[in-house]
Amino acid sequence: MKQEWSKVLITVRAASPGEGELIRAIHLDAFAGEDEAPAVAQLAVDLLTDETAEPRLVLVAEEVAEEEAEPLGCVLFTAVKLEGGPPLSVSILAPLAVKRSCHGQGVGRALVEHGLERLKSSGTDLVLVLGDPAYYSRFGFRSGHRIEAPYPLPYPEAWMALKLQPGALDSAAGVARCALSLSAPEHW
Ligand SMILES: CC(C)(COP(=O)(O)OP(=O)(O)OC[C@H]1O[C@@H](n2cnc3c(N)ncnc32)[C@H](O)[C@@H]1OP(=O)(O)O)[C@@H](O)C(=O)NCCC(=O)NCCS
């Protein structure tokens, strides 16, 4: 996919499991100055090869350049099972990272929208996210659903879901069980 934004022309492509260091670098840049930066970057790298994360979708946004394409951002969607709930196909969006030099230019939006479109076409019922409602609500994510997070959360309104198939949230319930790498308490 190619998309023209105010300042950059970007492409969004699937990443390969061998691109761990590129993905680490994007996260270290995006989260620079935050205590969680190394842990989030390591999480992204671990999820690339974590078998319990499958089905997994990893997208990288790159600036279209005449010479080498510059990586600008990355998003990961990984598998979730609803323990005690119906057998829905559920994914979780985490992490999302855009390099600081290009914040506010639509790179995050392109990554999330492209990922959601791909998941919808492949039959995914629901996507979960733990994040800032002010950001994720623009994609349709909402709190107030009946899926429990794996741990008690200090800000329950940050635990949001988006249905990709009609009616998918009507029966959705149970406890979200994520990939092993994402299930460590420090990520919640
Ligand atoms: C959050 C992040 C991914 C957004 O990427 P981006 O490419 O800058 O976002 P976009 O250009 O698509 O969207 C920009 C819009 O989102 C808003 N926005 C950016 N970060 C936000 C945040 N944390 N909370 C609320 N709104 C936010 C901007 O104000 C802007 O709003 P506008 O469209 O009304 O002007 C990026 O800022 C980032 O990597 N931050 C550090 C890592 C991080 O916090 N990741 C998310 C973890 S949940």
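**Figure legends: the chain and its helix 3**

**View 1. Secondary structure of the predicted model.** The chain has four helices and nine strands, and the model shown is a predicted one. Followed along the sequence, these elements are arranged in the pattern β-β-α-α-β-β-β-α-β-α-β-β-β. The radius of gyration is 16 Å, close to the 16 Å that the globule rule gives for 188 residues, so the chain is as compact as a globular protein of that length. Along the principal axes, the C-alpha atoms fill a box of roughly 50 × 35 × 30 Å.

**View 2. Interior, contacts and surface of the chain.** Of the 188 residues in the chain, 50% are buried. When contacts between residues at least 6 apart in sequence are considered, 67% of them join residues at least 24 apart. The chain exposes about 9300 Å², and 51% of that area is supplied by carbon and sulfur atoms.

**View 3. Helix 3, residues 107–121.** This helix has 15 residues and reaches 21 Å from its first C-alpha to its last, which is close to the 21 Å expected at 1.5 Å a residue. Its buried residues are V107, G108, A110, L111, V112, H114, G115, L116 and L119. In general, an α-helix has 3.6 residues a turn, so residues three or four places apart point the same way.

**View 4. The residue G123, after helix 3.** Helix 3 is followed by G123, and the phi of G123 is positive, with a value near 95°.

How values were computed: Residues are numbered from 1 along each chain as its sequence is written. This is a predicted model: local features need pLDDT of at least 70, side-chain atom pairs count only at pLDDT 80 or more; totals for chains, interfaces and linings use all residues. Side-chain values use heavy atoms; hydrogens and water are left out. Helices (H or I, at least four residues) and strands (E, at least two) are DSSP runs, numbered from the N terminus. The radius of gyration is taken over C-alpha atoms; the globule rule is 2.2 Å times the number of residues to the power 0.38. Buried means under 20% relative accessible area, exposed over 50%, partly exposed in between (1.4 Å probe, protein chains only). Contact means heavy atoms within 4.5 Å. Accessible areas come from the Shrake-Rupley method with a 1.4 Å probe; for residues, only the protein chains shown count as cover. The expected span of a helix is 1.5 Å times one less than its number of residues.
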